[in-house]
Amino acid sequence: MKVILLVDDELLLLKALAFDFQRRGFEVMTASNGAEAWEKLQVKTVDLIISDLNMPKLDGKGLLVKTKALFPQMPFILFITGSAILNEEEAKQLGCSEVLSKPFEREHLFKTVERLLGGG
Amino acid sequence: MRPFNFEENLPDLLPFSILINEKNQILSLGFTLEKACPGFKPGDEVFSHFTLIDPPNPALSSWCKAEFHKKAGTLEQKQNKLNLRGQFFFDSQSQLCLFVGQPQIRTLSQLADSGIGLADFEPHDLMIDFILLYQSAEASLRESQRISQLWSVIDKEQKKNPSSSIDLSPYPLIRVSELGFIKYANKASEPLLLEMGTDIGKKVPQEILSWISNLSNKSTTEKYEIQEGGKLWVFEFAPVIGQNEFLIFARDETERIRINDWMRDKEQALLRATQFANLGEMAASIVHEINSPLAVIAALSGQLRELSAERDFHPSLYQDLAKSIEDTSLRLGKIVNGIRTLSRNSEADPLVLTSVSEILEQTKELCKQRLQRAETTLLIQIEDSDLKLPCRAVQLVQALINLIYNACDAIEKNDERWIKIEVMQKVGKVHFIVTDSGKDLSPKIKQRFFEPLFTTKPAERGTGLGLGITKKIIEQHLGSIRLQDSTPHTSFIIELPSEVSVKEAKQ
Amino acid sequence: MYGLINKAMQDMVCTQFGVPVWERIKEKAQIDDPVFVGMKPYPDEITYRLANAAHEVLKVPLDQVMEGFGEYWIIYTAEEGYGDLMRLAGNSVKDFLVNLNLLHQRLRNTFTELKPPVITCTDIKEHSLNVHYETERPGLAPMVVGLLKGLGKRFNTPLTVRHTTKKSEGAPHDIFEVLF
C-alpha cells in the first residue's frame with residue numbers, strides 16, 4: 001500500500017482528506033506543519049506528499065526544499081493559496097510535481113495523485 | 001657809562017605799572033594801563049583811578065610806605081573794573097612806590113571793554129595768545145555741543161520718520177496712530193495698502209483698527225491673520241514706546257499656508273495609501289484564510305456526496321459532516337465580512353455603540369492565520385461580556401490588528417510567544433490593554449515609538465506606518481494610546497471614551 | 001582753509017536759500033563730509049568747489065557769490081565767537097584794517113595751518129585809504145570786496161570799494177580803494 005503524507009494546519013481538512021485517501025486504499029500519515037512532517041519523514045518513508053503552503057514552524061516551501069534534498073524523486077503536491085511567497089513557476093523550479101490552489105476540486109486531486117503514483 | 005633811564009622808559013618796559021609818590025600822585029603809568037584809564041593825566045591822584053582790593057584796607061591813605069615793600073596786591077581800575085594783580089616795590093632812597101602788575105582777565109571781551117586793543121600788546125606778550133587759545137577751546141566746545149545737538153535732532157527725526165534703510169526693507173512696515181491713521185508706510189507696504197483699500201494719511205480697515213484697540217497690555221506684540229482676496233497676511237503689532245502709535249510688521253503668508261495645506265493633503269493621502277498597503281500586507285493571509293475554509297467546505301461536501309451514495313452510510317456521519325460544513329461557512333462569512341468592511345474608507349462613519357466581544361471576535365478571526373504561522377497564542381480577557389463602546393468597529397479592529405501583527409513580528413524569535421488583550425471598564429473609559437510576551441521596551445525606544453516612521457523592524461518587514469495608523473484611529477475615536485511603564489512585558493494601553501456626545505460623534 | 005570758512009558758506013546758503021539747496025550744492029561739489037568742523041583745516045579745493053557749485057545751483061555769477069560771501073563772513077565770524085577778538089582789533093574800519101595782520105598773526109598760534117593774506121593799508125586819509133591784498137590764492141578778489149563792505153556795515157560806516165588794480169590783469173597784487 002502506498003503511503004501518502006498529508007501536511008496542513010487546517011485540521012478539518014486534514015481529517016477529511018485522510019478519510020478520503022484511506023477509503024481509496026492509501027495509508028495516510030498526517031502532520032499539521034512542515035517541521036512535524038519532516039520529522040515523520042525521517043522515521044518512515046512515504047510515496048507522496050501533499051502539503052499546504054502557509055504553515056507555522058516550517059512552511060510548505062521549506063518542506064519542499066528539504067524533501068527534495070533528501071528524496072529528489074519524491075512526488076510533491078503543493079497547495080498555493082494566492083500567496084505572494086511562492087508562485088507556480090518557482091514551486092515547479094524547486095521540484096514541486098504539481099501545484100493546486102484552494103479550494104480544489106476533489107476529483108482533480110485524486111486523479112493527480114493516481115497519476116503521480118502510477119496507479120493505487 | 002651812562003645809567004639806563006628807567007623812569008623815562010618805565011611805561012614801555014612795564015605796560016601795567018604805576019609809579020606814585022608819598023602824596024599819591026601818579027608819576028608814571030604803563031602805556032597799556034594808560035589806555036585803560038580814560039582821562040588820565042600825569043599827576044592824577046592814584047585813588048581817583050584805582051581802588052586797593054588787596055591787602056584790603058579801605059582806610060588806607062597811601063601805599064607809598066616801607067611796609068608795602070614786596071607785598072603782593074590787587075588793584076581795580078575804577079571805570080572799567082579791570083583787575084590788576086601785582087607787587088609793590090618801595091624804594092627808600094627815592095621814597096617812591098612802584099606797583100608792577102598784570103591784568104586779571106579771562107575773556108577777550110573783558111579786555112575789549114577796558115579799552116585795550118591788540119596793538120597795545122607787545123608781539124612777544126603771550127597773554128593774548130593764552131586768552132585766544134582759551135577762547136578757541138571754548139569755541140571748539142561750543143561747536144561740538146552744536147554738532148551733538150544736531151545729531152540728536154537727526155536721530156529723533158529718524159526715530160519719528162524711519163530712515164531709508166527701513167524704506168528699502170522688503171517687508172511691509174506701517175506706522176499707525178492710536179486712531180488708526182497711517183502715519184508712515186514704507187515702499188514694501190504699497191501693495192498691502194492697495195489691497196486694504198487705504199493709503200498713508202487714511203485709516204486702516206476697521207478690522208485692523210479693532211485689533212489695535214484690543215491690544216491688551218500695551219507693551220506686547222500680537223499676531224493676527226486676515227484673509228483678503230485669497231491672500232493671507234500676518235500682522236505683528238508693536239507699540240511705539242512713549243508715543244500713542246503702533247508699528248505694524250506685515251508678512252504675506254499666503255504661500256506658506258498654501259504649502260501647509262498641500263502638505264497636509266499629501267500627508268493624508270499617504271496615510272490612506274499606507275492603510276491600503278497595510279491591507280495588502282494582510283491580503284496574503286486573508287486570501288489564505290478564505291481559501292482554507294473554502295477548501296474544507298469543498299472537501300467535506302464532496303465527502304458528504306460520496307458517502308451518502310453508499311449503502312452503509314450512517315446518518316450520524318451526515319450530521320457531523322454537515323455541521324462541519326455549516327460552521328466553516330459561518331467562519332468564512334465572518335472573515336469575508338471583516339475584509340469587506342476593512343476595504344471601505346470608513347473614516348467618516350458615525351460612532352456606533354458596538355459590543356467589545358464582537359470587536360475582539362473579528363480581530364481574532366482576521367489574525368488567526370498570522371498567529372498560527374507565528375505560533376503565537378492570543379488570549380482575550382473581557383471583564384464584562386456585555387461591555388459596549390461607541391466606535392467605528394472596522395477601524396478599531398484594524399487598530400488592534402496592527403498591534404497584534406507588530407507583536408507577532410516582535411516576539412517571533414522568542415521562546416515564549418503570546419499576546420494578551422484585556423478589556424476593562426474604568427470611569428467613563430474603556431481600557432484595552434494589549435500585552436505581548438516580549439520584554440518591555442527601553443525608555444528611549446518608548447519615547448520615539450509613536451513617531452510616524454519609527455520602526456525597529458528590518459526594512460523588508462517594517463514600514464513603521466502601522467502604528468501611526470493605529471494612533472490616528474485611536475485619536476479619531478477621541479482616545480489615547482501609550483506604552484505602559486514598569487511592566488515586565490511590552491504593553492500598550494488604549495483608553496477610549498465609553499460615551500461620546502453627539503457633537504463629538506459627528507466630528 | 002579752515003572749516004570755519006566752509007561753515008560760513010553753508011550758513012549763508014542755508015539761511016538765505018534753505019537746507020535742500022545747500023544739500024544740492026554739496027552734492028554737486030561732491031562733498032561727503034556731513035559736517036564741517038570749524039577748527040579743522042580743509043584743502044582749499046573744497047572751498048573752491050563749493051563756491052563753484054553754489055554759482056551753478058543758484059545760477060548767480062561766481063563773482064557775486066564770492067562778494068556776498070565776503071560780506072557774510074564778517075557777520076558770521078563775529079557771531080561764531082570771534083566778535084570780541086574783532087573788537088580788540090579795532091573800533092573803526094581804519095583801525096581794523098590796520099590791525100588785521102596783527103590779528104592774523106595772533107590767530108596763527110591757535111590756527112597753526114593758517115595761511116592768511118597780507119593786508120597792507122596805504123595812503124590813509126580821513127575819508128579814504130588803499131588796501132593792498134597779497135595772497136597765494138587766486139580768484140578771491142571779489143570776496144575782499146565783500147569783506148570790505150561787510151566791515152563798513154559792522155562799523156556803521158557807509159563806504160564804497162573800487163578794485164583799482166587787478167592781479168588778474170597782470171598786476172603784482174590787487175589794490176582796492178575804499179572811500180567813506
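Mentor: Two strands count as paired if DSSP finds at least two bridges between them. The model is a predicted one. The part to look at is chain B, and a pair of its strands shows the term in use. Strand 5 (residues 83-91) and strand 6 (residues 96-103) of chain B are joined by eight bridges in the antiparallel sense. Within this pair, Pro103(B) of strand 6 is the residue opposite Leu84(B). Strands of a sheet pair through backbone hydrogen bonds, in a parallel or an antiparallel way.

These two strands belong to an open sheet of six strands in chain B, whose order is 2-1-6-5-4-3 and whose pairing is antiparallel. At its edges stand strand 2 (26-29) and strand 3 (50-54) of chain B; each has a single partner strand, so one side of each has no neighbour in the sheet. On average, neighbouring strands here are turned by 30° against each other, with direction ignored.

Strand 7 (residues 173-177) and strand 8 (residues 182-185) of chain B pair over three bridges, in the antiparallel sense. Val176(B) has Ile182(B), in strand 8, as its bridge partner. Four residues lie between the two strands, and in the turn Gly180(B) has a positive phi of about 95°.

Now the chain as a whole. Chain B has 14 helices and 18 strands. Of its 507 residues, 28% are buried. Among contacts in chain B with a separation of 6 or more, 54% are between residues 24 or more positions apart.

Chain B also touches other chains. Where it meets chain C, 19 residues of chain B are in contact with 18 residues of chain C. On the chain B side, the elements that give two or more residues are helix 3 (108-113) and helix 4 (126-160) of chain B. Helix 4 of chain B supplies the largest share, eleven residues. By class, this side of chain B has ten nonpolar, six polar and three charged residues.

Chain A is another partner: 19 of its residues are in contact with 20 residues of chain B. On the chain A side, helix 1 (residues 11-23) of chain A gives the most, with six residues. That side consists of nine nonpolar, four polar and six charged residues.

Last, a helix from chain C for comparison with the strands above. The 15 residues of helix 3 (residues 44-58) of chain C should span 21 Å at 1.5 Å a residue, and the end C-alpha atoms are 21 Å apart, which agrees. Thr47(C), Leu50(C), Ala51(C), Ala53(C) and Ala54(C) are its buried residues. Seen down the helix axis, they fall within an arc of 165°, so they line one face of helix 3 of chain C. An α-helix has 3.6 residues a turn, so residues three or four places apart point the same way. The cover over these buried residues includes helix 1 (3-17), helix 2 (19-28) and helix 4 (62-89) of chain C. After helix 3 of chain C comes Lys59(C), with a positive phi near 60°.

Key:
Residues are numbered from 1 along each chain as its sequence is written. Chains are lettered from A and ligands numbered from 1 in the order in which they are written. This is a predicted model: local features need pLDDT of at least 70, side-chain atom pairs count only at pLDDT 80 or more; totals for chains, interfaces and linings use all residues. The expected span of a helix is 1.5 Å times one less than its number of residues. A residue is buried if 20 or more other C-beta atoms lie within 10 Å of its own, exposed if 12 or fewer, and partly exposed in between; C-beta atoms are placed from the backbone. The arc is that of the directions from the helix axis to the C-beta atoms. Two residues are in contact if their C-beta atoms, placed from the backbone, lie within 7 Å. Ala, Val, Leu, Ile, Met, Phe, Trp, Tyr, Cys and Pro count as nonpolar, Asp, Glu, Lys and Arg as charged, and the others, Gly among them, as polar. Axes are lines fitted to C-alpha atoms, for helices over the stretch in contact, and angles run from 0 to 180 degrees between N-to-C directions.
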